[in-house]
Amino acid sequence: MVALMEHFRAEGAGRESEWARQRRWFIKARNDQQRREDHQDKLDASVTALSAAVTVATELQVQQFKLKLDSYDTATVAALIEGQELLDAVNERLADILARAHILEDGRRVFKTEDGTQVFDEHGVEVGHDEVDPDAIDPIKPTWEAFSAEVELKEHLTQQRTDILEFQEKVDAACKRVNAGEISEEELEALDVELLDIMPDTVRAHAGIEPRQLDQQISQSAPTPSTPSAETAAPAPM
């Protein structure tokens with residue numbers, strides 16, 4: 001009898017130990033499942049938020065932007081043609097001025113300032129009185145002011161052309177991005193803002209867009225080429 005009771009007592013202790021182990025396993029499994037569900041809920045919320053933030057542009061928005069890019073391209077070509085015509089005219093005037101310039105014995109072409117006190121060569125280097133007396137230069141010869149104004153205008157037009165070509169590259173890149181396929185509204189808006197921000201004023205003029213206020217102030221404060229009566233009149237920098 002004693003042995004039987006000991007048997008049941010030992011069996012009961014074993015069963016209690018197994019039950020406790022299973023209970024701990026069940027609690028752990030339930031906690032793990034809850035953590036997985038919480039993680040999935042957060043992941044679903046993140047995906048939903050991302051989907052809301054990155055909205056695909058509609059076909060109408062894409063087509064409207066493509067039309068805008070086409071207008072930019074047309075305006076860019078017109079600005080390049082206009083700039084090249086102005087640059088050709090400047091080169092012709094410079095060639096004429098250089099052909100009529102005073103020439104030193106060493107072949108350098110020099111120009112006397114309007115006040116007759118200084119002399120510069122065609123590279124902008126001042127020539128001393130020991131090399132040439134300003135009074136020895138005929139007053140009807142082109143002046144330094146006339147020549148340097150044309151040089152500055154040429155540099156301005158050359159830089160302007162570089163800016164237009166760089167803008168054209170941006171327009172081409174935007175076209176490729178739009179034609180590549182699906183694009184978000186945010187990216188489309190960013191491209192639009194970027195192109196409008198870097199668009200040169202010459203392109204803006206041909207596209208019917210107002211020039212930037214900062215550029216207007218710079219243009220108004222920029223000096224215009226000197227145009228003595230003996231020289232061909234030069235247009236003001238664009």
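Visitor: Which residues in the largest nonpolar core touch the most other members?

Guide: Before the answer, a word on what is shown: this is a predicted model, in which local features need pLDDT of at least 70 and side-chain atom pairs count only at pLDDT 80 or more, while totals for chains, interfaces and linings use all residues. Residues are numbered from 1 along each chain as its sequence is written, and side-chain values use heavy atoms, with hydrogens and water left out.

The residues you ask about are Phe65, Leu69, Tyr72, Phe167, Val178, Leu195 and Val203, in a core of 17 residues. A nonpolar core is a set of buried Ala, Val, Leu, Ile, Met, Phe, Trp, Tyr and Cys residues joined through side-chain atoms within 4.5 Å, where buried means under 20% relative accessible area, exposed over 50%, and partly exposed in between, with a 1.4 Å probe and protein chains only. Two or more residues of this core come from each of helix H2 (59-99), helix H3 (144-179) and helix H4 (185-198), and H2 gives the largest share, six residues. Helices (H or I, at least four residues) and strands (E, at least two) are DSSP runs, numbered from the N terminus.

Phe167 shows how such a residue is surrounded: leaving aside residues up to four places away in sequence, Phe167 touches Tyr72, Thr76, Leu195, Ile198, Met199, Pro200 and Val203, a contact being heavy atoms within 4.5 Å. Apart from this core lies another, of twelve residues, including Val90, Leu98, Phe120 and Leu153.

Rings of Phe, Tyr and Trp (its six-membered ring) pair if their centres lie within 6.5 Å, and planes under 30 degrees apart count as stacked, over 60 as edge-to-face and the rest as tilted. The rings of Phe120 and Trp144 are therefore stacked, with centres 4.8 Å apart and planes at 25°. Because Phe120 lies in strand S3 (residues 119-121) and Trp144 in helix H3, this pair ties together parts that are 24 residues apart in sequence. Trp144 is buried, with a relative accessible area of 18%, and Phe120 is buried too. The rings of Trp144 and Phe147, with centres 6.0 Å apart and planes at 45°, form a tilted pair; both residues lie in helix H3, three residues apart, about one turn of the helix. Ring pairs link Phe111, Phe120, Trp144 and Phe147 into a cluster.
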